[in-house]
Amino acid sequence: TCAFAGQKKVLAAYEEAVKCGYSGARAGRLHTPHGVFDTPMFMPVGTQATVKAVSPRELKEMGAQIILSNTYHLYLRPGTELVAEAGGLHRFMDWDGGILTDSGGFQVFSLGPLRKITEEGAAFRSHIDGSTQFLSPEIAIKAQMNLGADIIMAFDECIPYPAEYQYAKLSTERTTRWAERSQKAHTRSGQALFAIVQGGMYQDLRRVSANDLVSLDFPGYGIGGLSVGEPKPVMYEMLEQTVPLLPENKPRYLMGVGTPDCLVEAVRYGIDMFDCVFPTRVARNGTAMTKSGRLVVKNAAYAKDFLPIDENCGCYACQNFSRAYIRHLLKADEIFGLRLTTIHNLYFLLDFTKKMRQAILEDRFLSFREEFLAQYCK
Ligand SMILES: Nc1nc2c(CCc3ccccc3)c3nc[nH]c3cc2c(=O)[nH]1
Ligand SMILES: [Zn+2]
């Protein structure tokens, strides 16, 4: 493997990767300049330097450890140089926990009207003002160094689903070349650069991608190109092919996942870190997440329901307010209604990953998973 010149601090030293039972489930601790964090972990998404509708103080209170932000959005507005002048993303948004930024590749393909992808990078039109923009590994890494996140992602192409084998092969090989260019452009010590495994839904391409990126020796690995509309069994199959090839003593981040049933399966395969816009997005249309599935608190059925969303939940919303009150706020388009459902959904996922960690440490993850799936999917 090619060690970095002037060894950057390997951020993710796993103190204890506690293995559990028949699979790769493990409880680890992730070291970053902003603290040591427990895994498995759910990371709230704060695309434009804010986790929508909640404050940093509330995030800290509910146990958030690392939050995510998007290079694509902040590059277009307000600009990553401006954030650097403000003292970096932690100062700008007053968050002293961990921050991870995505490299912008995914958002270019999923947001901006894409112009074209070449070996050099991706040309696109800004979804904000229609201006022509260009992102490359070098530009994306420089932007992320300006933002100053603790963990940054290599510039990659998230292969659309479905994709022809030939396209997936060429794109995956290019993503590996882009990962190498990302590495060369990354000169900020104390900041970890994770590579992102691609390969579409093809087992052999997934293995080639993982092996090539492991040879380049990154401090952690994202698993990309999933949660893009593929059936869940296909996602699990790709995890089964990919995770065992990644170093045990480095963190694995499954990008864009997800719902609790996906989280418990992915932890079983040895995933440590998750993100998903789902809890904050569905909250804004009045849907709460519970261990028995979704509860659309906006429904008329809850008009006179004076119980909390979940009476066993320790979140601010469930400790102080009823379904009837939250439904009233949502029907009246009151901002506080969105805040309460968001607070509950974030707390639910943060608490869920904490419970999985505890189960792994007590060597009872298997039964935890069985019980949860029986109740959740009913
Ligand atoms: N760079 C990249 N990002 C992805 C995301 C966004 C995760 C993200 C990070 C930070 C903030 C928001 C979203 C995906 N979301 C669902 N599937 C995804 C796949 C990829 C991918 O292959 N590559
Ligand atoms: Zn709650």
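Helices (H or I, at least four residues) and strands (E, at least two) are DSSP runs, numbered from the N terminus. The structure is a predicted model, in which local features need pLDDT of at least 70 and side-chain atom pairs count only at pLDDT 80 or more, while totals for chains, interfaces and linings use all residues. Residues are numbered from 1 along each chain as its sequence is written, chains are lettered from A and ligands numbered from 1 in the order in which they are written, and side-chain values use heavy atoms, with hydrogens and water left out.

Backbone geometry was examined at several loop positions. D217 is placed in the loop between helix 8 (203–215) and strand 12 (221–223), and its phi is near 60°, a positive value in a residue other than glycine. D333 likewise has a positive phi of about 60° although it is not a glycine; this residue belongs to the loop between helix 13 (323–331) and helix 14 (335–361). With a relative accessible area of 68%, D333 is exposed (over 50%; buried means under 20%, and partly exposed lies in between, with a 1.4 Å probe and protein chains only). One joins Y161 and P162, with omega about -5°, and P162 is found in the loop between strand 10 (151–153) and helix 7. The other runs from V257 to G258, with omega near 5°, and G258 lies in the loop between strand 13 (252–254) and helix 10 (260–269).

H186 is buried, its relative accessible area being 3%. Its side chain makes a polar contact with the side chain of Q191 at 2.9 Å (a pair of N or O atoms within 3.5 Å; within protein, one must be able to donate a hydrogen and the other to accept it, and residues adjacent in sequence count only if both atoms are side-chain atoms). The side chain of H186 also reaches the backbone oxygen of R188, at 3.5 Å. Within helix 7 itself lies T172, which counts as buried at 3% relative accessibility.

Ligand 1 sits in the largest pocket. A pocket is an open set of points on a 1 Å grid over the protein atoms alone, where a 1.4 Å probe fits, with protein on both sides within 12 Å along at least five of seven lines; a molecule sits in it if more than half of its atoms lie within 2 Å of its grid points. Strand 5 (66–70) and helix 5 (105–110) are the elements that give two or more residues to the shell around ligand 1, and strand 5 provides the largest share, 3 residues. In total, 20 residues surround the ligand, the closest being D102, D156, Q198, G225 and L226 (a heavy atom within 4 Å).

Individual distances complete the description of this site. A polar side-chain atom of Q198 lies 2.9 Å from an oxygen atom of ligand 1. For G225, a backbone N or O atom is 2.7 Å from an oxygen atom of the ligand, whereas a backbone N or O atom of L226 lies 2.8 Å from a nitrogen atom of ligand 1. The protein covers 95% of the 490 Å² of accessible area that ligand 1 has on its own (Shrake-Rupley method, 1.4 Å probe).

Terms used:
On a 1 Å grid over the protein atoms alone, a cavity is a set of points where a 1.4 Å probe fits but cannot get out, and a pocket is an open set with protein on both sides within 12 Å along at least five of seven lines; lining residues have an atom within 4 Å of a point.
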